[in-house]
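Let's walk through this model together, starting with its overall layout and then moving to the charged and nonpolar features along its surface. Keep the viewer open as you read.

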Amino acid sequence: MMEMIMRYDEIDTQTAQCSVWFPWQQQEGPVAMAKDPLAEAGCYFDELNKLQVLEPDVSQKTSELKEECKEFVDKIGQFQKIVGGLIELVDELAKEAETEKMKAIGARNLLKSVAKQREAQQQQLQALIAEKKMQLERYRIEYEALSRVESEQNEFINQFILQK
C-alpha cells in the first residue's frame, strides 16, 4: 500500500481539496489535487496526524483563544493579588488613622477637663481671696478698735501719772 502524508496547511477549504505528497518524491508540493472525503465529512488531520472535527483554522483560533483566556485569568489573578495588597494597606492605614483619631479625641477631652479643673481652681482661689479680704477687713476693724483702746488707755495712764 502506498504511504501518503496529507498536510493540512495545503488543504483548500473552499473546494475541499488537499495536496497529496508521497514520501519517495524528491520535491515537496502538490502532485495531484483530489477531493478528500474526510474533509467533505468535516474531519481533518492536525500537525500530529490526529483526526480533528474542527477545521484547522478554527482549531488554531480556539487554541489562541484558550491561551488568551489563560493569560487573562493570570492577569486577573495578579490584579486580585495587587488589589488585595492595596486593600490590606488601606485597612491598615484606616486602623492607624482611627487610632490617631481616638488619641486626638482623648487629648481634646483631657484638655477640656484640665480647663474645667483650672476654672474650678480659679473659682476656689477667688473665693479664698474674698474670704481673706473679709478676714483682713475684720482684722483692720479690730486693729482700729484696739488702737483706740490703747490710745485711750495711754491717755488714761498719762492723766493718772500727771495727777499723782
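This is a predicted model: local features need pLDDT of at least 70, side-chain atom pairs count only at pLDDT 80 or more; totals for chains, interfaces and linings use all residues.

**A guided look at the model**

The protein's secondary structure amounts to two helices and five strands, where helices (H or I, at least four residues) and strands (E, at least two) are DSSP runs, numbered from the N terminus. Residues are numbered from 1 along each chain as its sequence is written, and side-chain values use heavy atoms, with hydrogens and water left out.

How much of the protein is buried? Of its 164 residues, 8% are buried; buried means under 20% relative accessible area, exposed means over 50%, and partly exposed is in between (1.4 Å probe, protein chains only). The protein exposes about 14700 Å², and 59% of that comes from carbon and sulfur atoms. These accessible areas come from the Shrake-Rupley method with a 1.4 Å probe, and for residues only the protein chains shown count as cover. Contacts (heavy atoms within 4.5 Å) tell another part of the story: among those in the protein with a separation of 6 or more, 15% are between residues 24 or more positions apart.

Now find helix α2, which covers residues 56-163. Pro 56 has its place in this helix, and Pro 56 counts as buried because its relative accessibility is 18%. From Pro 56 you can look back to Cys 43: the two are 13 residues apart in sequence, and their C-alpha atoms are 9.7 Å apart in space.

Further on, Glu 67 is also in helix α2. Glu 67 belongs to a surface patch of negative charge, together with Glu 64, Glu 68, Glu 71 and Asp 74. The charge is placed at NZ of Lys, CZ of Arg, CG of Asp or CD of Glu. Patches are made of residues with over 30% relative accessible area and no salt bridge, with like charges joined within 9 Å and nonpolar side chains (Val, Leu, Ile, Met, Phe, Trp, Tyr) within 5 Å. At 44% relative accessibility, Glu 67 is partly exposed.

A nonpolar patch on the surface is formed by Leu 86, Leu 89, Val 90 and Leu 93, which together have about 360 Å² of accessible area. Leu 93 is part of helix α2 and is partly exposed, with a relative accessible area of 48%.

How many salt bridges does a search of the whole structure find? The search finds three, a salt bridge being a side-chain nitrogen of Lys or Arg within 4 Å of a carboxyl oxygen of Asp or Glu. In general, side chains of opposite charge can pair when their charged atoms come close.

Take Lys 103 and Glu 100, whose closest N and O atoms are 3.7 Å apart in a salt bridge. Lys 103 and Glu 100 are three residues apart in helix α2, so about one helical turn separates them. Lys 103 is exposed at 53% relative accessibility, and Glu 100 is partly exposed at 47%.

The other stop is a network of salt bridges linking Glu 137, Arg 140 and Glu 144. Glu 137 pairs with Arg 140, the closest N and O atoms being 2.2 Å apart; both lie in helix α2, three residues apart, about one turn of the helix. Arg 140 also meets Glu 144 in a salt bridge (2.6 Å, N to O), and these two are four residues apart in helix α2, again about one helical turn. Glu 137 is partly exposed at 35% relative accessibility, Arg 140 is partly exposed at 37%, and Glu 144 is partly exposed with a relative accessible area of 37%.

Note on methods
Lys and Arg count as positive and Asp and Glu as negative; His and the chain ends are not counted.
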